[in-house]
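This briefing covers sheets, packed helices, cavities and a few single residues. Please look over the sequence and the structure before reading on.

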Amino acid sequence: MSRNILLIEDTPALARDLTEILEMEGHAVVHAGHGALALEALKTFTPDLIITDLVMPEMDGITFVRRVRRLDRGNAVPIIILSAKTDEVTMREGERAGASLFLKKPCDVDILIQSVEKLLSS
Amino acid sequence: MNVLDVLLDSIDEALIILDSEGKIMLFNQQADDIYEMMGWPSLVVEQSIYNILPAQAYHKVSESILELKLRKSPVKVFSDRIAADGNRVYLETTYLPVQQDGAITHIYILVRDVTMNKVFENRLTTIATNLTNLIERANAVIIGIDSRGYITDWNRHCTDVLGYTKTQAFTQKFSDFLLTEDSRPRFEEVVLAALQNKSTRNFELQVTSDAGDNLVLLLSASPRATNTGQVIGVIFVGQNITELTVYRESLEKMVEQRTRELKDALEKEKEALNLRSRFVSMVSHEFRTPLSSISFATGYLKKFKDKLTPDAIDDKLEHIQQQISHMTNMMEDILTIGRAEARAEAVQASLSQIDVEKFLNDLADDIYQATNQTHTIHRNFSFQERCTMTDEKLLRNIFINLLTNAIKFSPGCKEVWLVGRSDEMCYVIEVRDGGIGIPADELNRIFEPFHRSDQVGSIPGAGLGLSIVKRAVEILKGSLTVTSTPGAGTTFTVTLPCAYESQYITD
């Protein structure tokens with residue numbers, strides 16, 4: 001079943017890789033280059049899942065997740081953090097901010113797809 | 001006993017009254033006592049004193065009486081004698097004439113035992129002599145001045161230390177004679193205090209010796225007062241501590257030096273830790289990102305290969321290759337820096353004849369292609385000599401990094417400039433962009449390995465390029481400067497010498 005996914009990733013190559021994979025799986029992907037752009041997109045778009053990077057210009061991923069969780073509609077949407085910043089402190093910070101899942105870069109495609117499907121069906 | 005006897009016995013002095021011929025008319029108890037103390041025959045009234053006196057006293061007494069008769073005025077005689085018990089006795093004898101109508105009728109002899117006074121006086125003299133010797137020979141600088149500041153005391157040690165003799169120093173004004181200009185205020189302060197009866201302990205005074213050397217004296221100043229407490233001068237006592245001062249200063253310098261060394265070492269240590277932590281975070285982020293891309297692309301190919309067109313597969317493979325070459329470049333950069341760090345001194349240039357203008361043109365073309373032709377690289381060269389001896393590999397390191405940086409950090413401005421000129425001495429080559437620029441507080445840090453400005457955002461990089469440039473310029477004995485305006489662009493200027501000394505380089 002086709003679902004809407006909001007992808008926040010500042011590295012163009014990765015954004016392209018992820019979009020292609022998710023589209024192959026039959027989902028619609030909206031891409032934003034950083035947190036502030038994504039928040040803007042959320043005003044008119046209600047995704048079924050959000051995948052976000054952490055280290056980005058303008059607004060980093062942790063701040064973005066916190067802001068989403070403060071939105072009325074943002075409480076329920078599952079959020080995956082997909083980051084190259086993988087130390088314990090950052091992971092715990094992501095969890096506290098309200099992320100549903102933390103995936104480390106590099107990430108296996110199968111694990112990514114499984115995680116996306118699991119969160120979309122829950 | 002009549003009234004006169006009582007009176008005579010109650011005075012302190014011994015009294016003997018003679019007539020003009022020397023016959024004893026009268027004497028008191030004290031006179032009797034002195035004769036007894038001296039072991040002389042007892043005085044007897046009506047007898048001639050000349051008959052009673054022993055030979056050793058006779059001469060002096062008769063001489064004194066003769067003088068009295070000649071001068072017709074009192075005579076005072078001082079004599080020291082050995083008493084009957086063998087002790088030395090000092091006697092003060094006064095002969096007083098009693099006259100009638102110009103003729104001497106009687107002679108009064110008053111005798112006083114002044115032994116105690118004399119002993120006391122001797123003791124005082126001894127003390128004074130000892131004191132003078134002590135001051136003179138003391139192993140300390142002792143200088144006295146009067147209330148107007150003129151030198152009144154100057155001991156031998158002063159001469160040893162300062163060179164001036166006592167004669168030279170006396171009657172000189174201390175302040176004009178010895179002081180350096182800087183010491184005057186402190187000296188005047190101390191003297192003023194001493195004249196107001198306040199001592200000053202252990203103050204340092206810089207003085208100039210006869211030889212013209214500047215010496216440091218550690219002195220104490222005390223008021224010099226009369227018996228009645230009136231302050232009439234100042235006494236300075238102290239030591240020459242010039243050598244100590246020099247030693248102290250050298251110690252202070254040593255401590256300062258050691259502290260600085262320690263601080264430098266700590267700073268280096270901190271820098272090393274900092275470098276390591278930057279390296280770790282760089283590797284973590286900058287390697288994970290291309291690795292992710294490779295991982296996603298291979299996973300994508302594996303999972304969806306049946307659904308993909310051959311072009312789409314080629315496209316993905318091409319993408320994977322790009323990511324791998326990106327990582328390889330980063331690895332090369334790290335190795336370059338690592339090698340340079342490992343044998344900082346050993347890296348040498350390998351010189352060969354290079355056509356600098358052609359080299360820069362070719363390099364600019366290559367970079368234009370490699371960066372997908374996004375930015376035009378404007379060139380303007382005016383080299384006096386197109387060719388020079390230099391190291392091609394190092395030159396390549398320098399300008400690949402500067403040009404790719406210029407392009408990378410100019411997302412808004414699609415042009416960069418490569419400008420070169422030369423004279424007999426050096427080549428000056430500028431790389432200029434209209435990009436995001438570097439904040440002033442970051443300028444001195446951009447050459448540190450793994451340093452990445454907060455400005456760079458998502459622009460990828462290991463933070464090694466500029467440290468490689470700096471290293472290469474150093475090896476080529478050149479210089480590297482940067483000017484930048486945030487938001488308006490950055491200019492890097494590389495200056496390289498035209499020629500190298502013969503002992504330098506080539507292997």
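B:Ile377 has B:Val416 as its bridge partner in β14(B). The model is predicted: local features need pLDDT of at least 70, side-chain atom pairs count only at pLDDT 80 or more, and totals for chains, interfaces and linings use all residues. Residues are numbered from 1 along each chain as its sequence is written, chains are lettered from A and ligands numbered from 1 in the order in which they are written, and side-chain values use heavy atoms, with hydrogens and water left out.

- Strands β12(B) and β14 (residues 415–422) of chain B pair in the parallel sense over 7 bridges; two strands pair if DSSP finds at least two bridges between them. Helices (H or I, at least four residues) and strands (E, at least two) are DSSP runs, numbered from the N terminus.
- The open sheet to which they belong has 5 strands in the order β12-β14-β15-β17-β16 (chain B), and its pairing is mixed.
- Because β12 (376–382) and β16 (479–485) of chain B stand at the edges with a single partner strand each, one side of each is left without a neighbour in the sheet.
- On average, neighbouring strands of this sheet are turned by 15° against each other, direction ignored. Axes are lines fitted to C-alpha atoms, for helices over the stretch in contact, and angles run from 0 to 180 degrees between N-to-C directions.
- Helix α13 (residues 392–408) of chain B packs on this sheet and touches β12, β14, β15 and β17 of chain B, with its direction at about 25° to that of β15(B). Contact means heavy atoms within 4.5 Å.
- α14(B) also packs on the sheet, where it touches β16 and β17 of chain B; its direction makes about 145° with that of β16(B).

- B:Lys470 is found in helix α14 (residues 465–475) of chain B.
- With a relative accessible area of 35%, B:Lys470 is partly exposed; buried means under 20% relative accessible area, exposed over 50%, and partly exposed in between (1.4 Å probe, protein chains only).
- Apart from neighbours within four places in sequence, B:Lys470 is in contact with B:Phe447 and B:Leu480. The C-alpha atoms of B:Lys470 and B:Leu480 are separated by 6.9 Å, and the two residues are 10 residues apart along the chain.

**The antiparallel sheet of chain B**

- A further open sheet of 5 strands has the order β7-β6-β10-β9-β8 (chain B), with antiparallel pairing.
- Its edges are β7 (151–154) and β8 of chain B, each with a single partner strand, so one side of each is left without a neighbour in the sheet.
- Strands β6 (residues 141–146) and β10 (residues 231–240) of chain B run antiparallel and are joined by 6 bridges. B:Ile145 stands opposite B:Val234 in β10(B).
- Helix α10 (residues 242–304) of chain B lies across β8, β9 and β10 of chain B, at about 125° to β9(B).
- B:Ser209 is placed in the loop between β8 (200–208) and β9 (214–225) of chain B. B:Ser209 counts as buried because its relative accessibility is 6%.
- Residues up to four places away in sequence aside, B:Ser209 touches B:Val161, B:Leu162, B:Tyr164 and B:Leu215.

**Strand β3 of chain A**

- In strand β3 (residues 49–52) of chain A both faces are covered: A:Leu49 and A:Ile51 on one side, and A:Ile50 and A:Thr52 on the other, are all buried.
- β3(A) pairs in the parallel sense with strand β1 (residues 4–8) of chain A over 4 bridges, and A:Thr52 is the bridge partner of A:Ile8.
- β3(A) also runs parallel to strand β4 (residues 79–83) of chain A, joined to it by 3 bridges; here A:Thr52 stands opposite A:Ile81.

**Cavities**

- The count comes to 2 cavities of 30 Å³ or more. On a 1 Å grid over the protein atoms alone, a cavity is a set of points where a 1.4 Å probe fits but cannot get out, and lining residues have an atom within 4 Å of a point.
- The largest cavity has a volume of about 210 Å³, a volume being the space filled by probe spheres set on the grid points.
- Its lining has 20 residues, of which B:Trp40, B:Val61, B:Thr93, B:Tyr95 and B:Val111 lie nearest its centre.
- The second largest cavity has a volume of about 60 Å³. Among the residues that line it are B:Val356, B:Thr388 and B:Tyr500.

Technical notes:
1 Å grid on protein atoms, 1.4 Å probe; cavity = no way out; pocket = protein on both sides within 12 Å on 5 of 7 lines; lining within 4 Å.
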